[in-house]
Amino acid sequence: MDASIKESVKASDKEAQYDEKAKKLLGHKIILAYILVNTVEEFQGMNPKDVVKYIEGEPYISTVPLDPGMTNTKERKEGSIKETETPEQVIGLNTENSEINEGMIRFDIVFYVRMKDGLTQIIVNIEAQKEEPGKYYILNRAIFYIGRIVSSQKGRDFVKSEYNKMKRVYSIWICMNMKENSLTQIYLAKKDIIGLHDWKGDLELLNIIMIGIAENLPEKEENYELHRLLSALLSSSLEAEEKLDIIEKEYDIPIEDDIREEVEEMCNLSQGIKEKAFEGGYLMGQEEGRESGYAEGKQNGYAEAICMMYKSGLPIEQIAGIIKMSADKVNELVNPDLMD
């Protein structure tokens with residue numbers, strides 16, 4: 001089992017805390033190992049516990065900037081390297097404090113993996129999304145992210161024109177609240193149009209993995225092993241003990257104190273939002289109660305609870321399902337300017 005992940009960064013608002021906890025949970029090496037076994041061909045069929053040792057150092061979580069000129073910065077601020085870091089720690093990735101680079105876009109999780117041959121390394125990036133965005137195509141964003149990781153290798157993993165030393169990159173995107181469970185790999189392919197010249201190069205350098213997680217917890221089946229684990233881990237509806245029970249008993253993952261704490265805190269944050277809805281009078285069992293609660297809720301803080309869920313990334317349809325209310329009325333609360 002990997003060493004305890006550092007204590008979660010305390011954010012200024014509940015939505016940020018929820019996001020940070022989710023990233024920390026995904027960043028545990030045993031969870032990353034399950035992801036690798038299901039997405040990287042060289043590790044397929046292996047026991048995730050045997051894959052943990054190939055993950056080098058501690059993954060960087062929300063610290064590596066995406067912005068050009070920052071991702072491959074070699075220098076670290078004095079004191080930024082913790083005493084607990086080992087010689088295997090990933091080096092070269094910029095890890096400056098968030099206070100210094102306020103508002104900078106960052107990768108969710110980035111880490112290096114040593115392949116089974118003991119020589120080759122790959123770079124893996126994990127991105128978690130609460131839903132498929134509507135403002136842009138998520139695949140376009142994934143292509144941009146993987147392009148930044150590839151270009152940032154120059155000056156860190158290779159110098160000058162040593163392009164043959166480029167490392168293979170996997171950018172893995174986990175999208176929650178999808179209509180169905182899915183797993184898709186997107187990669188470079190060659191198409192000969194005229195002639196059959198053998199152009200030298202590694203078509204496996206770029207790999208985008210899209211993992212769609214449906215709203216409902218999938219049944220315990222081999223095909224959905226990874227989806228069930230991720231769904232249980234990040235679910236907004238399961239209780240903490242239900243999550244821990246699935247993780248420990250079905251996946252044989254020892255529940256250490258840090259995992260238990262992160263799961264419980266994430267569930268408590270979600271429960272806090274629901275409790276505000278109760279206080280606003282919305283989670284009543286009868287339609288009549290919901291209608292009266294709607295009228296009273298605007299004065300009792302319910303609108304705030306709805307907005308919190310909406311700002312945290314939950315789609316209107318899912319919020320409506322949680323609070324047993326029509327999507328139109330939820331939309332009225334989160335988008336008052338659009339109403340008459």
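**Rings and a leucine: asking why**

Tutor: At 0% relative accessibility, phenylalanine 43 counts as buried. Keep in mind that this is a predicted model.

Student: Why is phenylalanine 43 called buried?

Tutor: The label needs a relative accessible area under 20%. Phenylalanine 43 has 0%, so it is buried.

Student: And tyrosine 54, is it buried or exposed?

Tutor: Its relative accessibility is 16%, which is again under 20%, so tyrosine 54 counts as buried.

Student: What makes phenylalanine 43 and tyrosine 54 an aromatic pair?

Tutor: The structure holds 6 aromatic pairs, and this is one of them. Ring centres must lie within 6.5 Å; here they are 5.7 Å apart, so the two rings pair.

Student: What does the pair tie together?

Tutor: Phenylalanine 43 sits in the loop between α2 (29-39) and α3 (48-51), and tyrosine 54 in the loop between α3 and β1 (55-61), so the pair links parts 11 residues apart in sequence.

Student: Let's turn to leucine 217, in the loop between β6 (206-214) and α5 (225-234). Why is leucine 217 called partly exposed?

Tutor: Its relative accessible area is 29%. Buried would be under 20% and exposed over 50%, so leucine 217 falls in between.

Student: How far is leucine 217 from serine 231?

Tutor: They are 14 residues apart in sequence, and 5.9 Å apart in space, C-alpha to C-alpha. Serine 231 is also among the contacts of leucine 217 beyond four places in sequence, which include Arg228 and Ile246.

Methods
Residues numbered from 1 in each chain as written. Predicted model: local features only at pLDDT ≥ 70, side-chain atom pairs only at ≥ 80, totals over all residues. Heavy atoms only, no water. Phe/Tyr/Trp six-rings, centres within 6.5 Å; stacked < 30°, edge-to-face > 60°. Helix = DSSP H or I, 4+ residues; strand = E, 2+ residues; numbered from the N terminus. Buried < 20%, exposed > 50% of the residue type's maximum accessible area, 1.4 Å probe, protein only. Contact = heavy atoms within 4.5 Å.
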